[in-house]
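Thank you all for making time this morning.

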Amino acid sequence: MVPAPFRPFISLASALVCALIANAAQAQAPAAPPSWQQGRSGEQEKSSLHPFAINPTGKSAKELPVDKLKVPAGFKVEVWADGVPAARSMALGDKGTVFVGNRQAPNVYAIVDRGGKRQVKTLLTGLDAPNGVVFSKGTLYIAERNRITRYDGVENSLDNPPAAKVVIDNLDPNKAAGHFWKFLAMGPDGKLYFNIGAPGNIVMPTYREASIMRVDPGKGVLENVAYGVRNSVGFDFHPQTKQLWFTNHGRDWLGDESPNDTLHVVTRKGQHFGYPFCHQGDTLDPEFGKNRSCSEFSPPTLKLGAHIAPIGMRFYTGKMFPAEYQNNIFIAFRGSWNRTIKQGYNVTRVSFDADGKPKMEPFLTGFLMDEKADPPMWGRPNDVMVMRDGSMLVSDDQNGIIYRVSYGK
């Protein structure tokens, strides 16, 4: 038995030995790979494929081949505003102000039209990935990485915006390195819908992650709407059925042609759409899909293509476009990186036949220059928004530009 006077020294020595062993083990452990590299096989570790960085300060439209952009006959595409760094999600105010959020910068912008000339104002600064923006009944809602806030009466005080009021906080307690940026939409039920992406390429999420959720903006009550959604940063409600439709990004590193990114519809609360067990409705994951079946999960309504990165999507409810465009879906394809031959980089139209079966076709093209180049594009569409005159805005975060698509016979 160790004499009592020596016991504290023995305990201290034991603690020091344990600490040294722990530090040595930590020093020998390899650093965790970036989120986008998760899921690579051994032979893929030398792959040259990588995500593409945006131009953080944006570019003037005069420096870019805007004349390469193409739309169907009768339509016209033009630059509506530039100088909106990292422009992503858009929301329309009651007085015509266009609010623009972004993922990479801490700012939210307000664009006002002064006699046909657009003025870009830096409305808010110091935010944390304020990607999601919604305007409803005089209030601007913003979804940051960890919280949703509201700015009441902001359109009347663009030069001196009000202080933020917190709707809900603590949405990213683990500060996950994966898909933390959020899209935001106001539902027909008066609740705010938003995504919480998977914390990596292919990982087991918590009950809040890889989901679409909603919160009552008055009460702060949080609910899960859909599970198994790897990364949706675009959704909207059907003008007639009021059902929630959303785009979803498939996982990376399963090859050039798999899995597809997808379009889904929520028909009941609590549906599970497969991640991380099943991809594109019919492909089990090599790791997480063991002993599972894709029949357990809700399949997509439409496969959009492998690694095309569908971002913002809206139903067309304006009156400017021809009648056959009414209630069609427009989706901004930000474009692929995890693919040898790149694709996407356009705005795609999804229409429906008499039986409700969807089909898609390119609508706004010309951003993709060379499908084998690095990078292959000069611009990347992110969000679409219908204006009150029926025209449609398209944001481009690669260059900080917003385009306008209009129609005239």
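Predicted model: local features only at pLDDT ≥ 70, side-chain atom pairs only at ≥ 80, totals over all residues.

**Ser211 and its surroundings**

Leaving aside its neighbours within four places in sequence, Ser211 is in contact with Phe194, Asn195, Ile196, Asn224, Ala226 and Val229, where contact means heavy atoms within 4.5 Å. Residues are numbered from 1 along each chain as its sequence is written, and side-chain values use heavy atoms, with hydrogens and water left out.

Ser211 is found in strand β12, residues 211-215; strands here are DSSP runs of E with at least two residues, numbered from the N terminus, as helices are for H or I with at least four. Is Ser211 buried or exposed? Ser211 is buried, with a relative accessible area of 1%, and the terms mean under 20% for buried, over 50% for exposed and partly exposed in between, using a 1.4 Å probe and protein chains only. The side chain of Ser211 also reaches the backbone oxygen of Arg208, at 2.5 Å.

**Two sheets**

Strand β12 belongs to an open sheet of five strands, in the order β10-β11-β12-β13-β17, with mixed pairing; two strands pair if DSSP finds at least two bridges between them. At the edges of this sheet stand β10 (184-186) and β17 (271-272), each of which pairs on one side only. Strand β11, residues 192-196, runs antiparallel to β12 and is joined to it by five bridges, and the bridge partner of Asn195 in β12 is Ile212.

Another open sheet has four strands in the order β2-β3-β4-β5, and its pairing is antiparallel. Its edge strands are β2 (90-92) and β5 (117-124), each with a single partner strand, so one side of each is left without a neighbour in the sheet. Within it, three bridges join β3 (residues 98-100) to β4 (residues 108-114), and Phe99 stands opposite Ala110 in β4.

**Two nonpolar cores**

Which residues have the most contacts inside the largest nonpolar core? They are Leu69, Phe321, Phe330, Phe363 and Leu364, in a core of 29 residues; such a core is a set of buried Ala, Val, Leu, Ile, Met, Phe, Trp, Tyr and Cys residues joined through side-chain atoms within 4.5 Å. The elements giving two or more residues to this core are β1 (75-82), β22 (329-333), β24 (358-364), β25 (381-386), β26 (392-396) and β27 (401-407), and β27 gives the most, with three residues. Taking Phe330 as an example, its contacts beyond four places in sequence include Phe321, Tyr325, Phe363, Val384 and Met392. A second, separate core of 16 residues includes Ala185, Val225, Ala226 and Phe273.

**The disulfide**

A search of the whole structure finds one disulfide, a disulfide being a pair of cysteine sulfur atoms within 2.5 Å. It joins Cys278 to Cys294, with an S to S distance of 2.2 Å, and the link is right-handed, with 105 degrees about the S-S bond. Cys278 lies in strand β18 (residues 278-279) and Cys294 in the loop between β19 (283-284) and β20 (302-306), so the pair ties together parts that are 16 residues apart in sequence. Cys278 is buried at a relative accessible area of 4%, and Cys294 is buried at 13%.

Conventions
Polar contact = N/O pair within 3.5 Å; in protein donor to acceptor, adjacent residues only side chain to side chain.
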